[in-house]
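Dear colleague,

Please find below the structure that I am handing over to you, together with its sequence. My notes on what was found follow directly after it.

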Amino acid sequence: METETVTEKSLRRNLYRVLRKTGVTRDNICLTASFYEDLNFDNIDWTIFIHYLERVFNIRINDEELNSFSNVNDTLLYLRGELVYSRN
């Protein structure tokens, strides 16, 4: 149980670091933040964000999956699923 908590904290911390590298201020990062409305992502932001996500989490994200990311929590849920899948 303790390992799950650490993994969750680590996952969220790394996701927030990726968002910071994209230029999002710490005050604007929350699970409900919408990429378009709250964080004002444009095409360049998306490119940088995906690049860092793939590097930090060692995953590949295709365009269909990217379309499901409407807020920070959607991305967190996706990452949880990817990391569980890659362990098996």
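The surface comes first. In this predicted model, a patch of positive charge is formed there by Lys 9, Arg 13, Arg 17, Lys 21 and Arg 55. Helix 1, which covers residues 2-22, supplies the largest share of this patch, namely four residues. Arg 13 is located in helix 1. With a relative accessible area of 44%, Arg 13 is partly exposed, because that class lies between the limit of 20% for buried and that of 50% for exposed residues.

A search of the whole structure gave eight aromatic pairs. One of them joins Phe 35 and Phe 41 in a tilted arrangement, with 5.0 Å from centre to centre and 50 degrees between the planes. Phe 35 has a relative accessibility of 1% and therefore counts as buried. Phe 41 is likewise buried, at a relative accessible area of 6%.

Phe 41 also pairs with Phe 49: the ring centres are 5.6 Å apart and the planes stand at 80 degrees, so this pair is edge-to-face. The angle decides the class here, because planes over 60 degrees apart count as edge-to-face. Both partners, Phe 41 and Phe 49, are buried.

Taken together, ring pairs connect Phe 35, Tyr 36, Phe 41, Trp 46 and Phe 49 into a cluster.

With kind regards

Technical notes: Residues numbered from 1 in each chain as written. Predicted model: local features only at pLDDT ≥ 70, side-chain atom pairs only at ≥ 80, totals over all residues. Heavy atoms only, no water. Phe/Tyr/Trp six-rings, centres within 6.5 Å; stacked < 30°, edge-to-face > 60°. Buried < 20%, exposed > 50% of the residue type's maximum accessible area, 1.4 Å probe, protein only. Patch = residues over 30% accessible without salt bridge, like charges linked within 9 Å, V, L, I, M, F, W, Y side chains within 5 Å. Areas by Shrake-Rupley, 256 points an atom, 1.4 Å probe, with all protein chains shown as cover. Salt bridge = Lys/Arg side-chain N within 4 Å of Asp/Glu carboxyl O. Lys, Arg positive; Asp, Glu negative; His and termini not counted. Charge placed at Lys NZ, Arg CZ, Asp CG, Glu CD. Helix = DSSP H or I, 4+ residues; strand = E, 2+ residues; numbered from the N terminus.
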